[in-house]
Amino acid sequence: YDKDNVLNRYTATADEQVWYYDPLEDLSLEKRAEEMDKMTKDKKWTAKQRFGREAWMVNQSFSRDYLVKTRMIWLANFPQPYHDGSNTALEKVSNHMWPAEYIGQVHTFDTNHLYFTDLPQELESLTKQDYEPDMESQRLSAMEQFQSTSLKGGADSDNNKSMSLNVKVVSCAPRVVEVKKFLSPVEVQHLINLASGETGNVPMELSRVSASPNGGKRMRGDAMAEVRSSKGGWIHREQDVVVDTIFRRVADLLNIDERLMRDHYTPEDLAGDVELPPTHDRVVEAMQLLRYDPGDGYTAHHDFTFPSVGSRYQPRRFASVLLYLTGEGDVVENGVRSKSSGINDDKALEGGETTFPRAITTENHDGIKIKPQSGKAVMFYNVLPDGNMDDLSQHAGEKVDKGVKYLANIFVWDPIIN
């Protein structure tokens with residue numbers, strides 16, 4: 001590789017997003033095969049490099065067929081499980097996706113992971129032993145006294161062990177849904193405490209750009225600040241019982257087995273009652289806590305990542321779940337969230353909307369905006385039902401005009417985590 005030797009030049013446009021460079025392109029098929037055999041024999045490239053070229057050629061061929069069939073650019077890699085609706089076996093490898101046939105469409109899901117309306121005096125980290133069936137059953141039972149189907153707490157009249165939450169479609173393309181009252185005020189405050197309160201123990205550092213347009217490379221200095229200027233920290237599901245419960249509720253929202261969100265299982269643990277992805281790692285990242293101060297924001301970006309063409313399972317971020325901890329008009333003072341009282345209006349949150357600039361609706365042709373609301377969850381899919389990356393899932397965090405915005409992200413992968 002010689003960076004001073006220009007091999008070719010390309011211009012990326014909305015219609016030409018993916019370019020391929022093949023130094024053997026002008027040769028006949030026979031000459032190509034001879035040249036590849038010679039380069040392999042002379043050890044000018046490895047078997048892995050040769051496979052990479054051939055895989056890209058297959059991908060390029062498939063992308064042409066995909067463009068003709070769908071009129072969309074193929075942004076994923078082929079071969080991979082491609083869900084065209086004609087093969088039931090292929091459909092099973094994909095996670096559940098909520099239908100989005102029209103804006104305002106409402107679905108409902110049940111969860112037995114109820115709201116925390118009070119906290120135990122001591123919150124300790126969970127261990128592998130805590131997830132063993134007997135220990136887990138005892139822990140869940142012991143937590144029931146702190147939980148309720150009502151945000152205000154108190155005993156449930158029918159001794160309910162589950163509650164129903166509504167999933168509302170706010171965009172069809174990209175597929176975006178929201179769930180109001182996904183978190184209780186106690187759970188919201190607990191996450192804020194971890195990030196900023198007196199009990200907080202999560203280091204909040206300048207956020208990095210991971211799935212960035214420059215291929216996921218870390219950006220430095222002013223370049224990164226122009227793209228993302230929040231502060232963030234990470235907490236695992238095992239942080240405590242409250243965080244564990246939130247992960248379980250997210251699993252119910254996504255309609256996946258919460259045990260796939262753990263590191264601590266083997267196929268024997270699950271007694272073969274479900275089909276598992278071929279990994280002993282979880283399919284979810286740690287929860288990312290974010291704090292946006294006035295002037296902070298995150299420019300338009302995608303959450304999906306591009307796996308190596310040689311990766312057998314083509315892992316990618318399947319869905320992103322945003323949990324709003326502060327909403328419009330909320331004030332956070334000394335780590336405590338409250339509604340503006342009129343006296344402290346200068347500290348009340350303004351701005352910080354989540355935008356999807358490529359979403360098109362009957363009312364908006366230049367994107368949609370979702371206002372932050374404490375306790376609300378917004379979930380969107382980074383991939384299409386056929387397995388392609390959803391280019392329309394590009395989104396941004398608008399700059400905070402006033403006050404402080406707290407947010408939590410959970411990224412779920414399919415079929416395995418990278």
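Predicted model: local features only at pLDDT ≥ 70, side-chain atom pairs only at ≥ 80, totals over all residues.
- The strands here build an open sheet of 9, in the order 1-4-5-16-10-19-8-7-6, with antiparallel pairing. Two strands pair if DSSP finds at least two bridges between them; helices (H or I, at least four residues) and strands (E, at least two) are DSSP runs, numbered from the N terminus.
- At the edges you'll find strand 1 (106-111) and strand 6 (205-206), each pairing on one side only.
- Strand 8 (residues 287-292) runs antiparallel to strand 19 (residues 405-414), and 5 bridges join them. Across that pairing, Tyr 292 stands opposite Lys 405.

**Helices on the sheet**

- Helix 5 (residues 185-195) packs on the sheet and touches strand 7 (231-235), strand 8, strand 10 (316-324) and strand 19. Contact here means heavy atoms within 4.5 Å.
- The direction of helix 5 makes about 75 degrees with that of strand 8. Axes are lines fitted to C-alpha atoms, for helices over the stretch in contact, and angles run from 0 to 180 degrees between N-to-C directions.
- Helix 7 (residues 241-254) packs on the sheet too, with strand 1, strand 4 (163-171), strand 5 (176-179) and strand 16 (377-381) among the strands it touches. Its direction makes about 135 degrees with that of strand 1.

**Aromatic rings**

- A search of the whole structure turns up 8 aromatic pairs. Rings of Phe, Tyr and Trp (its six-membered ring) pair if their centres lie within 6.5 Å; planes under 30 degrees apart count as stacked, over 60 as edge-to-face and the rest as tilted.
- Tyr 20 and Trp 56 have ring centres 5.9 Å apart and planes at 70 degrees, so they make an edge-to-face pair.
- Tyr 20 sits in the segment before helix 1 (29-41) and Trp 56 in helix 2 (residues 47-70), so the pair ties together parts that are 36 residues apart in sequence.
- Trp 56 counts as partly exposed, at 37% relative accessibility.
- Phe 62, Tyr 66 and Trp 74 form one aromatic cluster.

**Charges over rings**

- The charged end of Lys 405 sits over the ring of Tyr 292, 4.9 Å from its centre. The cut-offs: NZ of Lys or CZ of Arg within 6 Å of the ring centre and within 35 degrees of the ring normal.
- Arg 317 lies over the face of Phe 411, at 3.8 Å from the ring centre.

- Most residues other than glycine have a negative phi, and most peptide bonds are trans.
- Ala 173 and Pro 174 are joined by a cis peptide bond, omega about 5 degrees, and Pro 174 is in the loop between strand 4 and strand 5.
- Asp 414 to Pro 415 is cis as well, with omega near -5 degrees; Pro 415 is in the segment after strand 19.
- Arg 71 has a positive phi, near 65 degrees. It lies in the loop between helix 2 and helix 3 (88-91) and counts as exposed at 78% relative accessibility.
- Asn 334, also not a glycine, has a positive phi of about 55 degrees. It belongs to the loop between strand 11 (330-333) and strand 12 (336-339) and is exposed, with a relative accessible area of 72%.

Conventions:
Residues numbered from 1 in each chain as written. Heavy atoms only, no water. Buried < 20%, exposed > 50% of the residue type's maximum accessible area, 1.4 Å probe, protein only.
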